[in-house]
Amino acid sequence: MKNTVRFVLDGKIREVDFSKYHELKPTTTVLNYLRSFPEHKGVKEGCAEGDCGACTIVIAEIGENERLVYKTLDSCLVFLPMIHGKQLITVENIAVIENNEKSLHAVQQLMVETNGSQCGYCTPGIVMSLFGIYKNHQNPTREVIEDALTGNLCRCTGYKPIIEAAQKACVTNGDDHFSKNEIEVIDLLKKINSNTDTLILKNKLQQYFKPFTLSEALRLRKENPNAIIINGSTDIALRQTKKNELFTEILDLSSVPELKCIKEENNNIVFGAGITIEQVRNYSIEKFPALNKILNVFGSLQIRNVATIGGNVGSASPIGDTLPVLFAHCAKIKLQSENSERIVEIEDFIKGYRQTDLINDELITEVIIPKSEKTYLVNSYKISKRKDMDISTVSGAFKLKLNGENVDEIILAFGGMAAVTKRAKETEKLLTGKKWNRENVETAMKTLEKEFTPLSDARSEAEFRSTAAKNLLLKFYLETKQN
Ligand SMILES: Cc1cc2nc3c(=O)[nH]c(=O)nc-3n(C[C@H](O)[C@H](O)[C@H](O)COP(=O)(O)OP(=O)(O)OC[C@H]3O[C@@H](n4cnc5c(N)ncnc54)[C@H](O)[C@@H]3O)c2cc1C
Ligand code: FES
Ligand code: FES
């Protein structure tokens, strides 16, 4: 059983034993697995990089209160072992079959009635996103619907009828044949999940480790220091789907429960490294509004449902969207190995372009953010070519504490302005102790310009980046000026 991935599909437990299925490898994506069956070809490959949503599926797993939680995700970026112990739902599963008669699910029926579909390429993915809304929302707002459809591209029909389909279909609190069968599915999932032995999935070319406890994860990390660590795999999977890289050793942390906690501790909010970006987004609405704001324009729901905060920090991308906000909040990263643990400032953790302070036997286990005092003014900004589904050209997160009219403390952190997320320390120094007024901010903008030498690339010219960064500071001033 150690070499076997098990999940529920079509109402039954499916087993994939990689020593027997030679056409599959441990890092076969769920998309490619499904497309190997004639009865599951509804799912499509459009881009293989998480942009188009043609491959959208829904995964159900046991959540709090023993209820199933339904999430949309892009199957092109998810490796088969990542759905172990979960229910895989495809577009072929959602119609109702009763007495050998098939009738459309409410979301499918409404897509027909509103003329929401033209082609078979985007429609299955769109239907799955509508199904995701259906299972999670009663009378969703237009904002919720648009957000859930951000990751589904259609170049022809236009979104109006699709949004109308969602508004008309999602009125029954998610009630459907999945609700009726929930207890049976939960029983099947419990059967799979009762075995928590680490999965060691092997074929001739790959070794894939999937632990179910942190201690196992740390042991495997020590024993296999060269294994590629994945959490949501939204960064890593692209190396396979776009660059054809073969991963010989993988350590998959997506089922380690200790990495999936959010707790309040010693005046800090502690996010386990495996907490998804969507969970962080929802949790931070009131606690860290600047973090919430930037996560509202992070990828699509399909990406946010799997991408993790640990993965965003671990990728150390100069345009990683959580990083400037984590800098502004003076976050810390907890690193654990089998025998030790240490906590490092986020600024010290990011060492260079996609380089971190992580050493061979360590894992990122927590992202610790001090609770924000009310006296601090914090805001974040993302500049990208499109509002939705785009990576940052420039981003900024700023924190300010005033003492009367004067700047008592200021942090100005930028993404996209250097090879790493970087603070404008000279500009911060210049402003500290000075009056928070336009004249001083305009002087500071000149220092800011000298502090960075941004690159020109496909996304923008260096001059644009420089001007944008200065104007973000001005915007922050205008939003926080006292009179
Ligand atoms: C379509 C699309 C849109 C995107 N949009 C955005 C966006 O708007 N903003 C943005 O910032 N990013 C975006 N990304 C990038 C990506 O989704 C994020 O960086 C995400 O947070 C990565 O998390 P993950 O769990 O998927 O990471 P993974 O791919 O699993 O891992 C990323 C890196 O972190 C390391 N790592 C992960 N977990 C650990 C751990 N516990 N300990 C040590 N190392 C670890 C991995 O080894 C790897 O180097 C997008 C990606 C795609 C495909
Ligand atoms: S194929 Fe385009 S998002 Fe997966
Ligand atoms: S109807 Fe499929 S791309 Fe527009």
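Q: What makes β12 and β13 a hairpin?
A: In this predicted model, β12 and β13 form a hairpin with two residues between them. In that turn, Asn266 has a positive phi of about 45°.

Q: How do you know that strand β12 pairs with strand β13?
A: Two strands pair if DSSP finds at least two bridges between them. Four bridges join β12 (residues 262-265) to β13 (residues 268-272), so the two count as paired. They run antiparallel, and Ile262 stands opposite Phe271 in β13.

Q: Why are the buried residues of α4 said to line one face of the helix?
A: Helix α4 (residues 142-149) has Ile145, Ala148 and Leu149 buried. Seen down the axis of α4, these buried residues fall within an arc of 95°, so they line one face.

Q: What do the buried residues of α4 pack against?
A: Their partners are α3 (123-136), α5 (160-169) and α12 (301-304).

Q: Which residues come nearest to ligand 1?
A: Of the 31 residues around ligand 1, those are Gly50, Gly232, Gly311, Asn312 and Gly314. Two or more residues of this shell come from each of β10 (228-230), α13 (309-315) and β18 (363-370). Helix α13 gives the most, with five residues.

Q: How do the residues of the shell around ligand 1 divide?
A: There are 14 nonpolar, 13 polar and four charged residues. Gly is counted as polar by the rule used here.

Q: Which domains each give at least three residues to the shell around ligand 1?
A: They are domain 1 (4-93 + 180-252) and domain 3 (261-480).

Key
Residues are numbered from 1 along each chain as its sequence is written. Chains are lettered from A and ligands numbered from 1 in the order in which they are written. This is a predicted model: local features need pLDDT of at least 70, side-chain atom pairs count only at pLDDT 80 or more; totals for chains, interfaces and linings use all residues. A residue is near a molecule or strand if its C-beta atom, placed from the backbone, lies within 6 Å of it. Domain bounds come from an automatic or database domain assignment. A residue is buried if 20 or more other C-beta atoms lie within 10 Å of its own, exposed if 12 or fewer, and partly exposed in between; C-beta atoms are placed from the backbone. The arc is that of the directions from the helix axis to the C-beta atoms. Two residues are in contact if their C-beta atoms, placed from the backbone, lie within 7 Å.
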